[in-house]
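Please look over the model below.

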Amino acid sequence: MLLLIALANAAGVFLASAPGVEANPQGAERLYNLLMVELVHARAFPLFALMFGYGLVQLARRQESSGANPRQVRSVLLRRNAWLVAFGAAHGLLLYSGDFLGAYGLIGIAFTLILLQRSDKVHRFAPWYLAIGLAYVAVLAFLALGSLASAPGGAAVPLTPFPSVLADSYPASLAERAAEWPVHTLTLLPMILMVWVGAWAGRRRLLEEPGRHLRLLGWTAAGGLAIAVTAGLPMALLAGGYLDVGEDAAAPVKMLYETSGFFGGVGYAALFGLAAHALTRRGRRPGALVTAVGALGQRSLSGYLFQSVAWMVLAMPFTLALGERTGSPLVLSGVCAVAVWLVTVAASEAMRRGGHRGPAETLLRRLTYGRR
């Protein structure tokens, strides 16, 4: 998940747009644009929401197993998510306005108060959101195909500018992020539905016990990724310069790609569950790479925040500005994303061997539970 998020965010920062695609791709950039739209953009963030919801259930279960009553569980989760909002505000204002922590903290508070401790009768409605979403994707696909049938007009890829990463000084970027972060956070609040789906999966331990749910995970992985790839194809072809569409078609094509990203997130989560089962079946011990990636997973908050520090150092005009020093900021963003992710994997493995939690996890834990 963190590698996918690194690829998406690095491209957005290096190209100062959302999604981070090259507006006039040349050579290898065309294929890179296509693959990013098909597999990364609008697909990594729903995965983040799913795993956040899954984690809420795990945290509640851990509290219950330690003897906490429902009121105490609710209190701990509310406190933790309130601090997550504070983390998100600091992250969004100081480093990267595309922050997700603040929105997920708000979602976590709402979810804890409204849904967390409800019965299975309530939670069984969560997967129906995907059925409704599939119907919506079908409608969008019909509209997009209808618009594609119109005369081609050389429409550009619909992009949203990212002013804070173009600022020529840190104070100027700070002012831009102060305007960007609250708006971005509000636009993410509907993700509570994806968080709910993740919580539903957590209540059934789909990823902790994948061997018991292989058929469901297999159909979900295949179906979710197939929907995301198919529905995202027109936007991917447009971004890669392989498809010429009229101005009226660009907006529905983009909306179709964005909405189908929910299914990409679900598909990825199921695929990772199947991979975990394959890597650990028959009592096999995970190898060194799997262990190191798992160590980063246990320190995902620190890994996520470190990425934003890296983009600030590597890409901003008032720091190294690497994107301005190369002929292809897009491809460079991918190289930097993989390199930064590998650094966080190595650092997490070193912390695991030393018996240390991640610094952000340690601080959040201290703030949530107190010194003891």
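Leaving aside neighbours within four places in sequence, which residues is Tyr104 in contact with? The model is predicted. In it, Tyr104 touches Phe45, Phe48, Ala49, Phe52, Asn81, Leu84 and Met191, with those sequence neighbours set aside.

**Core.** Tyr104 belongs to the largest nonpolar core, which has 102 residues. Tyr104 is among the residues with the most contacts inside that core, along with Phe111, Met194, Tyr304 and Trp311. Helix H3, residues 44-65, gives the most to this core. Its share is 12 residues.

**Aromatics.** The structure holds 10 aromatic pairs. One aromatic cluster is formed by Phe45, Phe48, Phe52, Phe100, Tyr104 and Tyr304. Elsewhere in the list of ring features, Arg30 lies over the face of Tyr242. The distance from the ring centre is 4.4 Å.

**Gly88.** Gly88 sits in helix H4, residues 70-94. Is Gly88 buried or exposed? Its relative accessible area is 0%, and buried means under 20%, so Gly88 is buried. Beyond neighbours within four places in sequence, Gly88 is in contact with Asp99, Leu101, Gly102 and Trp181. Gly88 and Phe262 are 174 residues apart in sequence. In space, C-alpha to C-alpha, Gly88 and Phe262 are 22 Å apart.

| H3 | residues 44-65 |

Technical notes. Residues numbered from 1 in each chain as written. Predicted model: local features only at pLDDT ≥ 70, side-chain atom pairs only at ≥ 80, totals over all residues. Heavy atoms only, no water. Core = buried A, V, L, I, M, F, W, Y, C linked by side-chain atoms within 4.5 Å. Buried < 20%, exposed > 50% of the residue type's maximum accessible area, 1.4 Å probe, protein only. Helix = DSSP H or I, 4+ residues; strand = E, 2+ residues; numbered from the N terminus. Contact = heavy atoms within 4.5 Å. Phe/Tyr/Trp six-rings, centres within 6.5 Å; stacked < 30°, edge-to-face > 60°. Lys NZ or Arg CZ within 6 Å of the ring centre and 35° of its normal.
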